[in-house]
Each structure stands twice: as structure tokens, then as C-alpha cells.
Amino acid sequence: MDGEENDMLEEIVNPRKKLYPSGESCAHAQVRNVRQPAYEKVWLFILLTMAVTVFLFASPIKAWAAGGLEMSTSYPGITAKPGENLSFSVALQNSLGASLNADLSVTSIPDGWEGYFNGGGNQVSRVHVNSGGDGATVTFNVKIPDDVSEGTYPISLQADAGEGIVSAMDLVINVNEAAVGQSSFTSQYPELQGSPSTSFSFNTTLANNGAADQSYSLSAQAPEGWQVQFKPSGETNQVASLNVEAGQSQGIAITVTPAANATAGDYKISCSAASAGETLTTDLTVTITGTYDLSLSTPSGRLSLDAYANKETPVTLSITNNGSADLQNVSLTSSAPDGWNVRFETPTVETLPAGSTQEVTAYITPGSDAITGDYVTSISAGSSETSAKADLRVSVKTHTVWGFVAVIIIIALAGGLVYVFRKYGRR
């Protein structure tokens, strides 16, 4: 056999020893062919890993967008009544390391409902969110229609800072005609009584049983001239409004000062606490008990007069009711020297209203034997509750004609004595 035939015989007898042109055997060539795809896969994996790493470092914000901005509220599900106004305190947290501006929107709300964001006293649509713990806080307000049916209603909110930085939040409102948690304004003792000089203090409690903080304006309707003050319990400063957190209550001391001329009777004072969504009222009653004080004088204040013996002299008296209650059957009496007479034009005043004055004429007649001089006549006015007294100084005068007669008599007597001495004195 020649050489070619020998090679063919060797390949048939021992095929693994066939040599390739490169000098390697068939077995070595097969191993090389198996290992080559494995190396290519390793290099491909390394290249893909490097590409992903470069992409992540080139776009860091997009990678953090899922957790960089968070919108939340403490009470996302509440129960309310038709027609009620609700407020949710919404907190936004930014963990991106830099402050950002986020657009606020209502992505879903039931038909006929009204919802908007409020911040700093204004309606807002964008908020600046600081990085870290400060973040930002806004209020989301919802107006429930009056004619809405009972049921559960979802609302969706969203804060979008762009570049894929988005946070969403869902609210659930359960509308119920008999919703629990209605706020209240009550008084421990709503009825007090005392004199007009008393300052009445009522201890009241304002309870916010809603799901959101409320700011209440305080006011009162009282009789003219009366004063009403509101002070938080334990404080001395007077306030016109105050804030009550959701689910909390605030004690309020209400001080009522009657008018100086307040008369006896019952007086109603209606106090109100009004917020954006409700107005709470509590009615207080002050009973002014009667004070009784009577004074007696003359219109001019002068308590003296001139009179003549056995002649009636009129004097006008003023009876004043200085108390807070009406006086009934005020009678007039007198005390005068013996032989004198005092009568009154109106002996009894049937009704003397509080704060009023009644004038009455008294007629004083000195006795017929009264001589010239000063006398005291006491006048009293009184009812079953109180009385008053006035002492009048009465100066009794004699008529001028009797003075002339007395002078003539004296002159006649003097002339008679002179005549007697002249006639009989020489003897």
C-alpha cells in the first residue's frame, strides 16, 4: 500500500489521532471548538454589565424617582355627612438630596364634588418641597354635595416634580347621613344668677370631633350694654378665635358682665364657634336678681322751706328707685311736731320701675300756736322691700301785719309810761 492508503487505514483504525493542518489532533480541535463559545459569552456578559452601570450613573434621578418624593396624610379614610366640608393635612417628603417643585393635582374625584389644595391662606397648584425632614405641608379641601347618596367615594391626588418623580395618594370618604364624630360646643352650667354687679363665668367645652384641624371664630349675641369675653381655660388673654386639632377639645371660659342698669329678669346670651365647615352654638342664661334701693329728696336737693302757722305750704318730693327691680306700693308717711298736719297728693305710688323717679307733692301745715322758729318734719317712703327717709327743716314765720301791730303796741306802751312819769313825777 502506498502512503495515501496507509493514512486512510490509520483514520479507520484510530480516528482520534487524525491530525489537522495546524498540527493538532481531532480531539484537541473538538475541545477548542467547545471552549470558544463559552469565552464569548463571558465577554458579552462583562460588556452588558458595564453598559448598565454607565446608564445608571448617567441617569441617577430617574433611578430614585420611585422613592424620592412621598405624599401622605394621617387620616386617608374618614366618615362624613352630605354637604360637609372636609380638610386633609397633606405632607410631602423629599429624599432626593435637593429641593424641588412639585405640581399638585386631583387625578380622580366624584362628579359634583369640589376639591382643591390650600397653602399659606391661598389656593395653590404647586409646592416647593425641601429636602430632608422639613419637606412641605399643604391642605386638601373637599366639599361634599348636599344631595350626595350614602356610600364610599374615592379621591386620588398626585404630586409630580417631573423627570419621573411622581407620588400619588388615595383618599376614601364614607358618606353617611348619621355620621358619627359631630363636633359640639357645650356648657357645664348654662344658667347662672346674681346681682347686676356680678360678673358671670361659664365653663364651656369646644370639641372638634371631625377628621381635620379646625379654626373657630368666637362671637356672642348679648343685650345692649353687656360685655362677653372668651378666654382659653387656664389663660388670662382674651381671644376672638382659636384652633382645635382633629379629635381634640378646648376648654373656654366665657365671662359675661351685665350692663350697669340691668334690671331683674332672665337674659339670653347666644355664643357661637364658626369654622369653614360648621357653626356650633351654645345658649347661656343669666338671671339678674332684684336689688332694692330707694332714695327720697327734692328736685333741687334742698331740704328746707318756710311756712306760716296754721297755713298749708306745698313741697315737691322726689322718690327714686335706685335698685334693679321694680317696687310696688311705695307709701308715704310723715312725722311732724304736735298740732302740725302733713298730707300727700299721692299717698301711695303703685309701681315705681327700676331706675325711675316719681315726684309727689306734700302739704305741710304748722300748728296754729306755732311760734317763729325752725322745726323738723320727717318724710318717709317705703315698700315691703326697702325704704328711705328725708328730714325737712321748716322755718315758721309770722305775718308782717302782726309785726306792725306789735310795734304800735310797744310804742303805745312806751308813750304811756312817758306820760305817767311826766305827770306824776314832780309829786
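User: Hi! Where do I start with this chain: how much of its contact comes from residues 24 or more positions apart?

Analyst: Hello! In this predicted model, residues 24 or more positions apart account for 67% of the contacts in the chain with a separation of 6 or more.

User: Okay, and how many helices and strands are there?

Analyst: The chain has 4 helices and 28 strands.

User: What share of the residues is buried?

Analyst: Of the 427 residues, 32% count as buried. As for the surface, the chain exposes about 25,900 Å², and carbon and sulfur atoms supply 51% of that area.

User: Let's go inside, then. What is in the largest nonpolar core?

Analyst: That core has 31 residues. The ones with the most contacts inside it are F88, L92, W113, F140, V142, I144 and I173. Several strands give two or more residues to the core, among them β3 (85-94), β8 (132-143) and β9 (151-162).

User: Which strand gives the most to this core?

Analyst: That is β10, with 5 residues.

User: You mentioned I173. What is I173 in contact with?

Analyst: Leaving aside neighbours within four places in sequence, the contacts of I173 include I78, A80, L86, F88, W113, V142 and Y153. There is also a second, separate core, which has 26 residues. V360, I379, A381 and A388 are among its members.

User: How many aromatic pairs does the whole structure have?

Analyst: A search of the whole structure finds 4. Another one is F117 with F140: the ring centres are 5.1 Å apart and the planes are at 50°, so this pair is tilted. F117 lies in strand β5 and F140 in strand β8, so the pair ties together parts that are 23 residues apart in sequence. Both F117 and F140 are buried.

User: New topic: sheets. What is the strand order in the open sheet of 5 strands?

Analyst: The order is β21-β28-β27-β23-β25, and the pairing is mixed. On average, neighbouring strands of this sheet are turned by 30° against each other, direction ignored.

User: Which strands stand at the edges?

Analyst: Those are β21 (304-308) and β25 (348-352). Each has a single partner strand, so one side of each is left without a neighbour in the sheet.

User: Remind me, what holds strands of a sheet together as pairs?

Analyst: Strands of a sheet pair through backbone hydrogen bonds, either parallel or antiparallel.

User: Good. Now β26: how many bridges does β22 make with it?

Analyst: β22 (residues 313-321) and β26 (residues 357-365) pair over 8 bridges, in the antiparallel sense. There, I319 stands opposite Q358. β26 is also joined to β24 (residues 341-344) by 4 bridges, again antiparallel.

User: Which residue in β26 is the bridge partner of N341?

Analyst: That is T365. T365 counts as buried, at 13% relative accessibility. Not counting residues up to four places away in sequence, T365 touches N310, K311, E312, W340 and N341.

User: Last one! What does β13 pair with?

Analyst: β13 (residues 200-208) pairs with β11 (residues 184-187) in the antiparallel sense over 4 bridges, and S187 stands opposite T204 there. β13 also pairs with β17 (residues 248-257), antiparallel over 9 bridges. In that pairing, N208 stands opposite Q248.

Methods
Residues are numbered from 1 along each chain as its sequence is written. This is a predicted model: local features need pLDDT of at least 70, side-chain atom pairs count only at pLDDT 80 or more; totals for chains, interfaces and linings use all residues. Side-chain values use heavy atoms; hydrogens and water are left out. Two strands pair if DSSP finds at least two bridges between them. A nonpolar core is a set of buried Ala, Val, Leu, Ile, Met, Phe, Trp, Tyr and Cys residues joined through side-chain atoms within 4.5 Å. Buried means under 20% relative accessible area, exposed over 50%, partly exposed in between (1.4 Å probe, protein chains only). Contact means heavy atoms within 4.5 Å. Accessible areas come from the Shrake-Rupley method with a 1.4 Å probe; for residues, only the protein chains shown count as cover. Axes are lines fitted to C-alpha atoms, for helices over the stretch in contact, and angles run from 0 to 180 degrees between N-to-C directions. Rings of Phe, Tyr and Trp (its six-membered ring) pair if their centres lie within 6.5 Å; planes under 30 degrees apart count as stacked, over 60 as edge-to-face and the rest as tilted.
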